Amino acid sequence: MEAIEHPPLFAIPGVPDHLTYTWLVMVILIVVSAAASRRLQLVPRGLQNFMEIVLEQFLSLLDDVVGHDGRRYLPLIATLGLFILTSNLLGLVPGLVAPTSNINTTAACALIVFFTYHWIGIRKQGLGRYLKHLGGPVWWLAPLMLVVEIFSHLARPLSLALRLFGNMTGGHILLAVIVSLTLGLASWAAAGSLPGVLLGLPGSALLVLFTAGFLLPLKILVAFLQAFIFCMLSMLYIAGAIEEAEHP
Amino acid sequence: MRLVFVLTVVAVAAVLAGPSGVWAAEAGASGGWVGPFAVIAAGIGMAIASGLCALGQGRATASAVDAMARQPGAAGRIQTAMIIGLALIESLALYVFVIAAILLFVQPVK
């Protein structure tokens with residue numbers, strides 16, 4: 001992948017790039033949160049207002065999906081969402097690396113969600129009832145249902161991690177290929193031969209237009225959408241673990 | 001149609017006569033006979049996966065838009081369900097993408 005990806009703008013020797021940029025995302029989030037909550041006012045203005053709007057979106061989603069008990073999980077969901085959204089948007093800046101385009105970051109997030117929703121479910125209804133629920137509604141189906149349930153639970157973190165990683169990495173590879181194609185066409189035109197100028201100039205111009213007018217807006221959309229979907233699925237899993245307690 | 005033709009000509013010309021020697025040199029340097037087949041498999045697999053994924057997502061979106069047109073009041077919840085469904089469908093294509101990326105970049109079998 002290093003062959004077509006642009007090397008990152010700054011790198012700490014001995015530290016993997018995705019870790020460096022995870023720290024950068026953490027610094028950005030901490031600075032923004034600290035600046036927004038430094039002087040809290042009853043009538044919010046500016047940055048505090050913006051952050052409150054963002055968090056209210058998370059709150060309304062939690063109310064919709066998880067229900068009346070959902071606001072307890074705001075720290076987890078909002079942290080995941082803001083971290084993933086910031087990481088995704090960081091990858092759009094040329095020369096910076098999106099931490100979410102490395103599978104280790106996304107797998108870490110997915111494993112946190114995996115263990116957390118099991119923990120929530122076990123704490124809500126006790127270990128025995130939670131395990132019993134894996135057996136399905138009818139006792140003689142339990143051996144089959146147990147295997148199916150275990151595999152479906154194991155597939156959840158896998159698909160969470162791979163979805164985010166695949167979307168981000170796929171977008172980056174697509175962008176890198178298009179940019180290298182544009183640079184190739186431009187340098188072909190710059191070489192000065194007649195077919196090079198005739199084909200290379202309009203070709204590279206078209207590719208630049210395509211990138212700026214379609215690919216980048218699409219990638220911004222995907223960045224927001226993937227963060228939303230990650231949060232949404234985490235909330236759904238938590239809601240699944242909770243509402244089994246209410247309808248035994 | 002003409003635009004597509006021009007784009008095709010440009011792409012073919014870029015591949016044939018353009019400065020794409022870097023990639024060709026890279027492909028030649030790795031050696032072995034599995035490498036080219038891995039590239040072909042990655043391309044064909046990704047094409048099949050994204051094509052079928054597009055069919056599935058098209059069906060899902062079509063019925064979601066249909067439902068939204070019939071029940072505009074429930075548009076928000078239908079849209080949320082549609083996005084979750086699209087994400088779950090898309091993850092199947094992304095599995096193939098991960099396998100294609102492994103074939104192309106990691107190359108477990110030389």
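# A walk through chains A and B

Begin by selecting Leu52(B), which lies in helix 3 of chain B, where helices (H or I, at least four residues) and strands (E, at least two) are DSSP runs numbered from the N terminus. What you have open is a predicted model, in which local features need pLDDT of at least 70 and side-chain atom pairs count only at pLDDT 80 or more, while totals for chains, interfaces and linings use all residues. Residues are numbered from 1 along each chain as its sequence is written, and chains are lettered from A and ligands numbered from 1 in the order in which they are written.

Because Leu52(B) has 14 C-beta neighbours inside 10 Å, it counts as partly exposed; a residue is buried if 20 or more other C-beta atoms lie within 10 Å of its own, exposed if 12 or fewer, and partly exposed in between, with C-beta atoms placed from the backbone.

Next, show helix 3 (residues 34-70) and helix 4 (residues 75-106) of chain B together: their axes come within 9 Å and cross at roughly 175°, where axes are lines fitted to C-alpha atoms, for helices over the stretch in contact, and angles run from 0 to 180 degrees between N-to-C directions. These two helices of chain B are therefore roughly antiparallel to each other, a label used for angles over 145 degrees. The residues of their contact divide into 24 nonpolar, 6 polar and 1 charged; here Ala, Val, Leu, Ile, Met, Phe, Trp, Tyr, Cys and Pro count as nonpolar, Asp, Glu, Lys and Arg as charged, and the others, Gly among them, as polar.

Widening the selection to the whole of chain B brings up 4 helices and 0 strands, and of its 110 residues 11% count as buried.

Now move to chain A and select helix 4 (residues 103-125) with helix 5 (residues 127-134), whose axes come within 6 Å and cross at roughly 115°. Gly121(A), Ile122(A) and Gln125(A) from helix 4 meet Leu127(A), Arg129(A) and Tyr130(A) from helix 5, two residues being in contact if their C-beta atoms, placed from the backbone, lie within 7 Å.

Follow chain A onward to helix 6 (residues 142-191), whose 50 residues should span 74 Å at 1.5 Å a residue, and whose end C-alpha atoms, 71 Å apart, agree with that; the expected span is 1.5 Å times one less than the number of residues. Just after helix 6, Gly192(A) takes a positive phi of about 105°.

The following stop is Gln226(A), in helix 7 of chain A, which counts as buried because it has 25 C-beta neighbours inside 10 Å. Not counting residues up to four places away in sequence, Gln226(A) touches Asn88(A), Leu164(A) and Asn167(A).

Finish with the largest nonpolar core, of 49 residues, in which Ile84(A), Phe230(A), Cys231(A), Met235(A) and Ile238(A) touch the most other members; such a core is a set of buried Ala, Val, Leu, Ile, Met, Phe, Trp, Tyr and Cys residues joined through C-beta atoms within 7 Å. Helix 7 of chain A gives the most to this core, with 13 residues. Centre on Met235(A) to see its contacts with Leu61(A), Leu62(A), Val65(A), Val66(A) and Ile77(A), leaving aside neighbours within four places in sequence. A second, separate core of 5 residues includes Leu181(A), Leu185(A), Trp188(A) and Leu207(A).

Notes. Parallel < 35°, antiparallel > 145°, perpendicular 65-115°, else oblique.
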